[in-house]
Amino acid sequence: MTFPVELSDEEWRQRLDQDRFAVLREAATEPPFTGALLHVDGEGTFACGGCGQVLFTTTQKFDSGCGWPSFDDEIKGAVRKSRDADGYRVEITCENCGGHLGHVFYGEGMTAKNTRHCVNSVSMKFVAEGEKLPAVVKKKSRSRSSARKEADAPADKAADKSTDK
(Lines give C-alpha, C1' and ligand atoms only; values in the text may rest on other atoms or scores of the structure.)
Protein backbone atom coordinates (compact mmCIF):
# COMPACT_ATOMS: atom_id res chain seq x y z
CA MET A 1 0.00 0.00 0.00
CA THR A 2 1.17 3.50 -0.70
CA PHE A 3 0.38 6.64 1.23
CA PRO A 4 0.94 10.35 0.51
CA VAL A 5 3.75 10.48 3.10
CA GLU A 6 6.42 7.83 2.54
CA LEU A 7 9.41 8.11 4.89
CA SER A 8 12.18 5.58 5.46
CA ASP A 9 12.36 3.68 8.76
CA GLU A 10 15.35 5.83 9.67
CA GLU A 11 13.39 9.04 9.04
CA TRP A 12 10.51 7.72 11.15
CA ARG A 13 12.92 6.74 13.95
CA GLN A 14 14.22 10.33 13.98
CA ARG A 15 10.67 11.69 14.28
CA LEU A 16 9.15 9.20 16.75
CA ASP A 17 10.06 7.89 20.18
CA GLN A 18 10.52 4.13 20.57
CA ASP A 19 6.93 3.41 21.70
CA ARG A 20 5.33 5.46 18.92
CA PHE A 21 7.60 3.87 16.33
CA ALA A 22 6.68 0.36 17.55
CA VAL A 23 2.93 1.03 17.29
CA LEU A 24 2.76 3.32 14.25
CA ARG A 25 5.40 1.67 12.06
CA GLU A 26 5.51 -1.95 13.32
CA ALA A 27 1.82 -2.41 14.29
CA ALA A 28 2.60 -3.14 17.95
CA THR A 29 -0.13 -2.76 20.58
CA GLU A 30 0.21 -0.86 23.81
CA PRO A 31 -1.02 -2.70 26.94
CA PRO A 32 -4.71 -2.11 27.74
CA PHE A 33 -5.69 0.54 30.30
CA THR A 34 -2.24 2.19 30.12
CA GLY A 35 -2.70 4.82 27.41
CA ALA A 36 -2.64 8.51 28.25
CA LEU A 37 -5.63 9.20 25.98
CA LEU A 38 -7.96 6.54 27.37
CA HIS A 39 -9.73 9.11 29.55
CA VAL A 40 -9.72 12.58 28.01
CA ASP A 41 -11.65 15.47 29.53
CA GLY A 42 -12.80 18.39 27.41
CA GLU A 43 -13.44 18.95 23.75
CA GLY A 44 -10.78 18.53 21.12
CA THR A 45 -9.27 16.61 18.26
CA PHE A 46 -7.10 13.52 18.03
CA ALA A 47 -4.33 13.73 15.42
CA CYS A 48 -1.96 11.08 14.12
CA GLY A 49 1.10 10.81 16.36
CA GLY A 50 3.26 10.30 13.29
CA CYS A 51 2.20 12.93 10.80
CA GLY A 52 -0.34 15.20 12.52
CA GLN A 53 -3.31 14.29 10.29
CA VAL A 54 -6.58 14.85 12.19
CA LEU A 55 -8.32 11.51 12.78
CA PHE A 56 -11.07 11.72 15.41
CA THR A 57 -12.88 14.22 17.64
CA THR A 58 -14.01 13.96 21.24
CA THR A 59 -17.63 13.93 20.02
CA GLN A 60 -16.86 10.57 18.36
CA LYS A 61 -15.15 9.14 21.46
CA PHE A 62 -16.91 6.84 23.92
CA ASP A 63 -15.97 4.55 26.81
CA SER A 64 -16.19 0.98 25.55
CA GLY A 65 -14.42 -0.52 28.56
CA CYS A 66 -11.93 -2.30 26.28
CA GLY A 67 -8.82 -0.55 27.62
CA TRP A 68 -8.05 1.60 24.57
CA PRO A 69 -9.62 4.84 23.33
CA SER A 70 -12.73 4.04 21.32
CA PHE A 71 -14.49 6.09 18.65
CA ASP A 72 -17.73 5.35 16.81
CA ASP A 73 -16.63 7.25 13.69
CA GLU A 74 -13.60 8.92 12.13
CA ILE A 75 -13.07 12.23 10.37
CA LYS A 76 -14.03 11.57 6.77
CA GLY A 77 -11.08 10.55 4.63
CA ALA A 78 -8.62 10.35 7.54
CA VAL A 79 -8.54 6.60 8.22
CA ARG A 80 -7.86 3.69 5.88
CA LYS A 81 -9.40 0.29 6.61
CA SER A 82 -7.87 -2.96 5.40
CA ARG A 83 -8.00 -6.64 6.29
CA ASP A 84 -5.49 -7.35 9.06
CA ALA A 85 -2.72 -9.90 8.56
CA ASP A 86 -4.66 -12.32 10.79
CA GLY A 87 -7.40 -12.39 8.13
CA TYR A 88 -10.19 -11.64 10.62
CA ARG A 89 -9.85 -8.15 12.01
CA VAL A 90 -9.96 -4.86 10.12
CA GLU A 91 -6.84 -2.75 10.68
CA ILE A 92 -7.10 1.02 10.70
CA THR A 93 -4.21 3.20 9.57
CA CYS A 94 -3.67 6.90 9.02
CA GLU A 95 -4.65 7.72 5.46
CA ASN A 96 -1.81 10.23 5.20
CA CYS A 97 1.22 8.29 6.51
CA GLY A 98 0.04 4.69 6.91
CA GLY A 99 0.70 4.68 10.65
CA HIS A 100 -1.00 1.77 12.45
CA LEU A 101 -3.77 3.07 14.72
CA GLY A 102 -5.55 -0.09 15.82
CA HIS A 103 -8.63 -1.96 14.60
CA VAL A 104 -12.28 -1.29 13.85
CA PHE A 105 -15.10 -3.59 14.96
CA TYR A 106 -18.70 -3.68 13.75
CA GLY A 107 -21.91 -5.08 15.15
CA GLU A 108 -21.12 -4.88 18.86
CA GLY A 109 -24.11 -2.64 19.63
CA MET A 110 -22.12 -0.20 21.81
CA THR A 111 -23.27 2.94 19.96
CA ALA A 112 -26.00 3.95 17.55
CA LYS A 113 -23.44 3.69 14.72
CA ASN A 114 -22.62 0.13 15.79
CA THR A 115 -18.92 0.77 15.17
CA ARG A 116 -15.90 0.80 17.48
CA HIS A 117 -12.54 2.12 16.36
CA CYS A 118 -10.19 0.69 18.99
CA VAL A 119 -7.10 2.94 18.89
CA ASN A 120 -3.72 2.87 20.62
CA SER A 121 -3.25 6.07 22.65
CA VAL A 122 0.39 6.32 21.63
CA SER A 123 -0.62 6.43 17.96
CA MET A 124 -2.35 9.79 18.52
CA LYS A 125 -1.85 13.25 19.95
CA PHE A 126 -4.74 15.08 21.64
CA VAL A 127 -5.24 18.74 20.83
CA ALA A 128 -7.69 20.53 23.14
CA GLU A 129 -10.27 22.80 21.53
CA GLY A 130 -8.79 26.24 21.01
CA GLU A 131 -5.21 24.94 20.77
CA LYS A 132 -3.35 24.95 17.48
CA LEU A 133 -3.41 21.66 15.60
CA PRO A 134 0.01 20.23 14.68
CA ALA A 135 1.37 20.85 11.21
CA VAL A 136 0.58 17.89 8.99
CA VAL A 137 3.55 16.21 7.38
CA LYS A 138 3.06 16.44 3.64
CA LYS A 139 4.42 14.38 0.80
CA LYS A 140 8.14 14.87 0.48
CA SER A 141 8.97 16.92 -2.56
CA ARG A 142 12.20 16.72 -4.47
CA SER A 143 14.33 19.82 -4.81
CA ARG A 144 14.54 21.45 -8.22
CA SER A 145 18.22 20.60 -8.50
CA SER A 146 17.64 16.88 -7.86
CA ALA A 147 14.75 16.87 -10.35
CA ARG A 148 17.05 18.52 -12.95
CA LYS A 149 19.79 15.96 -12.28
CA GLU A 150 17.31 13.11 -12.80
CA ALA A 151 16.02 14.68 -16.02
CA ASP A 152 19.56 15.14 -17.37
CA ALA A 153 20.69 11.62 -16.43
CA PRO A 154 20.55 8.89 -19.09
CA ALA A 155 17.42 6.78 -18.79
CA ASP A 156 19.35 3.53 -19.00
CA LYS A 157 23.04 3.62 -18.15
CA ALA A 158 23.44 0.09 -19.47
CA ALA A 159 22.36 1.30 -22.92
CA ASP A 160 25.26 3.79 -22.91
CA LYS A 161 27.87 1.05 -22.52
CA SER A 162 29.74 -0.08 -25.58
CA THR A 163 28.67 -3.42 -26.98
CA ASP A 164 32.16 -4.10 -28.36
CA LYS A 165 33.67 -7.34 -27.14
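## Largest pocket

On a 1 Å grid over the protein atoms alone, a pocket is an open set of points where a 1.4 Å probe fits, with protein on both sides within 12 Å along at least five of seven lines. Grid points are joined across faces, edges and corners, and a volume is the space filled by probe spheres set on the points. In this predicted model, the largest pocket has a volume of about 230 Å³.

Its lining (residues with an atom within 4 Å of a point) holds 16 residues. Phe3, Leu24, Arg25, Cys97 and Gly98 lie nearest the centre. Helix 1 (9-15), helix 2 (18-26) and strand 6 (90-94) each give two or more residues to this lining. The largest share, 3 residues, comes from helix 2. By type, the lining divides into 8 nonpolar, 3 polar and 5 charged residues. Here Ala, Val, Leu, Ile, Met, Phe, Trp, Tyr, Cys and Pro count as nonpolar, Asp, Glu, Lys and Arg as charged, and the others, Gly among them, as polar.

## Basis of the model

Residues are numbered from 1 along each chain as its sequence is written, and side-chain values use heavy atoms, without hydrogens or water. Local features need pLDDT of at least 70 and side-chain atom pairs count only at pLDDT 80 or more, while totals for chains, interfaces and linings use all residues.

## Fold and sheet

The chain has 4 helices and 9 strands. These are DSSP runs numbered from the N terminus: helices are H or I with at least four residues, strands E with at least two. The pattern along the sequence is α-α-β-β-β-β-β-β-β-β-β-α-α.

An open sheet of 6 strands runs in the order 3-4-8-7-6-5, with antiparallel pairing. Two strands pair if DSSP finds at least two bridges between them. Strand 3 (61-62) and strand 5 (79-83) are the edges, each pairing on one side only. Strand 3 joins strand 4 (residues 70-71) over 2 antiparallel bridges. There, Lys61 stands opposite Phe71.

## Nonpolar core

A nonpolar core is a set of buried Ala, Val, Leu, Ile, Met, Phe, Trp, Tyr and Cys residues joined through side-chain atoms within 4.5 Å. The largest one has 24 residues, and Leu55, Phe56 and Met124 have the most contacts inside it. Strand 6 supplies the largest share of this core, 3 residues.

Leu55 touches residues including Phe46, Ile75, Val79, Cys94, Leu101 and Met124, not counting residues up to four places away in sequence. Contact means heavy atoms within 4.5 Å.

Technical notes:
Buried < 20%, exposed > 50% of the residue type's maximum accessible area, 1.4 Å probe, protein only.
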